[in-house]
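Here is a set of questions and answers for working through a protein model step by step. Please keep the sequence and the structure in view as you read.

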Amino acid sequence: MAALVQDLRAVLLSQKLDHVWMDTHYVGLQFPDPAHPNALHWVDAAGKHGEQLPLEDPDVYCPYSATGNATGELVYAHYGRPEDLQDLRARGVEPKGRLLLVRLGVINFAQKVASAQDFGAQGVLIYPDPADFSQGPHKLSLSSHRAVYGHVHLGTGDPYTPGFPSFNQTQFPPVQSSGLPSIPAQPISADTASLLLRKLEGPVAPQEWQGHLAVSPYRLGPGPGLHLGVNNHRASTPISNIFGCIEGRSEPDHYVVIGAQRDAWGPGAARSAVGTAILLELVRTFSSMVSNGFRPRRSLLFISWDGGDFGSVGSMEWLEGYLSVLHLKAVVYVSLDNAVLGDDKFHAKTSPLLISLIENILKQVDSPNRSGQTLFEQVVFNNHSWEAEVIRPLPMDSSAYSFTAFAGVPAVEFSFMEDGPMYPFLHTKDDTYENLHRVLRGRLPAVAQAVAQLAGQLLIRLSHDHLLPLDFGRYGDVVLRHIGSLNEFSGDLKARGLTLQWVYSARGDYIRAAEKLRKEIYSSEESDERLTRMYNVRIMRVEFYFLSQYVSAADSPFRHIFLGRGDHTLGALVDHVRLLRSSGPGALGEEAQVARGLGFQESRFRRQLALLTWTLQGAANALSGDVWNIDNNF
């Protein structure tokens, strides 16, 4: 890693960039302890350790797992989603007090461990089931003795300094992220999972829970007692982000940011090497454009992140360090991570503000799969709605998520994926160039080039257009979609003297403000630089307006009301309203119920509704511009 830092810095210094620099953070990372490897044992009825089960590779672990010992009977819990654990409970198999065996996939490691903890489980074992990967004679599959790495912090950045940057001289308050689990977790191989599944008794698992291991049928358990010992240790570790910048001509203080993760657990061909290669190629291309006289209106900031495999640590620490500046200056963030994981399907995980721009750019880039077709023509081939086919929400395990949900900067991450099962080698020692090349049947260069062209076109538009091409009206549809799910409860709310009228009113004000701004821009002179800049400032801050001002970034870092996590979000409000008709105490884990306050609480609902409505109203007011132009009916 140290050598790679120097290599990348040297490449940036050799190009036509205005500034190249690095910053170093000292972060708390967790590593396995070679002297005390993690271990798994059978336990007899008297609690005595029996035979040790193989954990074939002592290097594979779950960073940020709780350390210590967990003992309990084993239960099979499918993907470990809350609905899987509710299903287990409904079938008479209690997850509380037990060790859960869960499959890789559908949700990330951190979400699996968090839901197990909510339901009172003692610990979690995570294995790759062959059913979740490509099957067939010509398909490459993961070896049955490979375990898969994954961190279990339900959040991003250094969990020991939540909300604060980990610079060496910062005085930290002694706090930890609320997303750190309190139960241990460990990845295991398919072979070890087979040994465990064979010992399970109890009811047969439902048909859709059955996998492809040589165990028939999978049962839910419980099985014999197991003991899991996790001895990972925390170490303060320096990580380095590398920056290169081309200064803008007329708005140099507005940045278009593009980044790729540099580190990986294992070889990391798909995980970090593809993104880093595309980043360097974009630097080289824009650098040669500058040599030929090109100057963007806005500054381009190219960043190589460190600490990505521990949960976007490098990018989140940078955001925490410069939050007060970035929400005023960063226009958009483009992530190059997870760019090529296959070649069948194309997804854009994005903020709604970028959807219209992405549509335009898809019409300009050739499909890597179908000659003579654009990417847009490829994605509408099977599905008339290109949005349904392509657009996805930003996932927490992308560096783009923190930019939007924490810093209020619109962001996008492009990914080519396999149709159906996922790329099998991610987060393993088999994520090599050779394997990625073979999975893509030699088409890796063509697909990577398509991503580079997409990102390059996006950067040109965002850095060079007079008026920022962000669709600020789009959030009106987003609000409508979310409050549509509240509508079915309007009768229940009315019976309690509660109304959603104010949310609708705030949405109406937002749509009117967006329409008014659009008309204003349409009738203005494009050559008026001062006016254009004023419009751009209003447009680029729209995402920031959706960060709740009523929660602390240290306690609830993801303040975005649509994308964030916590009581201030629209999702939390919808979940709370559902409790009006919930199926009683068994629905959630007891721990989660205690944490969330049993049942519907009117005072909490009123507070949630008021703060959410006012965040939305604030966004409408801000979009309106000057205070004397605000026209709302509150």
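Contact, as the word is used below, means heavy atoms within 4.5 Å. The model is a predicted one.

Q: Which residues of α7 meet which residues of α12?
A: On the side of α7, Leu357, Asn360, Ile361 and Leu362 take part, and in α12 their partners are Leu454, Gln457, Leu458, Arg461 and Leu462.

Q: Why is α7 called oblique to α12?
A: Helix α7, residues 355–362, and helix α12, residues 444–464, pack with their axes 10 Å apart and at an angle of about 125°. Angles of 65 to 115 degrees count as roughly perpendicular and those over 145 as roughly antiparallel, with oblique kept for the rest, and therefore α7 is oblique to α12. The crossing of these two helices, α7 and α12, is right-handed.

Q: What makes up the contact of α7 with α12, in terms of nonpolar, polar and charged residues?
A: The residues of this contact divide into six that are nonpolar, two that are polar and one that is charged.

Q: How far apart do the C-alpha centres of domain 1 and domain 2 lie?
A: Their C-alpha centres lie 30 Å apart, and the contact takes 33 residues from domain 1 and 36 residues from domain 2.

Q: What area is buried between domain 1 and domain 2?
A: The buried area is about 3,000 Å², and carbon and sulfur atoms give 58% of it. Of the area that domain 1 buries against domain 2, Trp265, Phe310 and Met422 supply 20%, more than any other three residues.

Definitions and conventions. Residues are numbered from 1 along each chain as its sequence is written. This is a predicted model: local features need pLDDT of at least 70, side-chain atom pairs count only at pLDDT 80 or more; totals for chains, interfaces and linings use all residues. Side-chain values use heavy atoms; hydrogens and water are left out. Axes are lines fitted to C-alpha atoms, for helices over the stretch in contact, and angles run from 0 to 180 degrees between N-to-C directions. Helices (H or I, at least four residues) and strands (E, at least two) are DSSP runs, numbered from the N terminus. Angles under 35 degrees count as roughly parallel, over 145 as roughly antiparallel, 65 to 115 as roughly perpendicular and the rest as oblique. A crossing is left-handed if the near helix is turned anticlockwise from the far one by less than a right angle, and right-handed if clockwise. Ala, Val, Leu, Ile, Met, Phe, Trp, Tyr, Cys and Pro count as nonpolar, Asp, Glu, Lys and Arg as charged, and the others, Gly among them, as polar. Domain bounds come from an automatic or database domain assignment. Buried area is the accessible area (1.4 Å probe) that two parts lose on being put together, summed over both.
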